[in-house]
Amino acid sequence: MQKILKEVGEESLSRNFCEKLARKFSRDTGRAGKPGMQWTQVRSWFQKKYQACKDKATPSPPIAPKIEVDPTDVSVSNSEPENFSAIPKGERLLDISDLEFEAKSSKDGAWYDVALFLTHRILSSGEPEVRVRFVGFGAEEDEWVNVKKAVRERSIPMEPSECQKVQVGDLVLCFQERRDQAIYYDAHVVEIKRRLHDIRGCRCLFLVRYDHDNTEG
């Protein structure tokens, strides 16, 4: 995957390219019995790696737009809570310049990269929420998420040479692959077996416990 990224660069983020690669991976004999790879999973991996490469080459990260929403222009569906107070016109909930974010979906508890912050509101409880659009998903998958509990700066992929930074007890974002899904969840490191690296890279073994279901892997 790393070699492909170096060869094709930004082209690796296109949907057509990711769909072809996902089909190729899904047909691989080494994945027999495992769920088919989705193109959004492939693009998510390339996006994280591509951004990490850009961050190393560029002194400052790309600037994301600031949120400034007129609450009078926002329509709320019947399925959303009615007891909330809108933020006064012109007031900003978040200054997200120079930052990229990920948000936790209330549907499956997994973390996804945020493409857009669409609008925001304050519930009657005083809790701030933002409506987000996830990278690789359409408007039908937009969600309201709690700013304090379900939004954070985007996780940075680690290089194999950085494995020594990981310690038992650390919170990490891990790719959990099952028969019916393959997505990113929060997990804590419970055991580490350090091994010498070879030409293939890091050979260490990390045992993690996923926060959402307490399974280990």
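**View 1. Three-stranded open sheet with the order E7-E8-E9 and antiparallel pairing in the predicted model.** Strands E7 (171-177) and E9 form the edges; each has a single partner strand, so one side of each lacks a neighbour in the sheet. From one strand to the next, the twist averages 60 degrees. Strand E8 (residues 182-193) is joined to E9 by six bridges, and the two run antiparallel. Across this pairing, His-188 stands opposite Arg-209 in E9.

View 2. Asp-211 is partly exposed, its relative accessible area being 38%. Not counting residues up to four places away in sequence, Asp-211 touches Leu-171, Asp-186, Ala-187 and His-188. With His-188 there is a polar contact between the two side chains (2.9 Å). The C-alpha atoms of Asp-211 and His-188 are separated by 7.2 Å, although the residues are 23 apart along the chain.

View 3. Cys-163 is buried at 6% relative accessibility, whereas Cys-202 is partly exposed, with a relative accessible area of 23%.

**View 4. Salt bridge between the side chains of Arg-154 and Glu-100 (3.7 Å, N to O).** Arg-154 lies in the loop between strand E6 (151-153) and E7, and Glu-100 in the loop between strand E1 (84-85) and strand E2 (101-104); the pair therefore ties together parts that are 54 residues apart in sequence. Arg-154 counts as buried at 15% relative accessibility, while Glu-100 is partly exposed at 26%. Both residues belong to a network of salt bridges that also links Asp-113.

**View 5. Two further salt bridges, Glu-129 with Arg-121 and Asp-198 with Arg-200.** Side chains of opposite charge can pair when their charged atoms come close. The side chains of Glu-129 and Arg-121 meet at 2.7 Å, N to O, and both residues are buried. In the salt bridge of Asp-198 with Arg-200, the closest N and O atoms are 2.8 Å apart. Here Asp-198 is partly exposed, with a relative accessible area of 33%, and Arg-200 is exposed at 62% relative accessibility. The count for the model comes to 12 salt bridges.

Note on methods
Residues numbered from 1 in each chain as written. Predicted model: local features only at pLDDT ≥ 70, side-chain atom pairs only at ≥ 80, totals over all residues. Heavy atoms only, no water. Buried < 20%, exposed > 50% of the residue type's maximum accessible area, 1.4 Å probe, protein only. Contact = heavy atoms within 4.5 Å. Polar contact = N/O pair within 3.5 Å; in protein donor to acceptor, adjacent residues only side chain to side chain. Pairing = 2+ DSSP bridges. Helix = DSSP H or I, 4+ residues; strand = E, 2+ residues; numbered from the N terminus. Axes fitted to C-alpha atoms, helices over the stretch in contact; angles between N-to-C directions. Salt bridge = Lys/Arg side-chain N within 4 Å of Asp/Glu carboxyl O.
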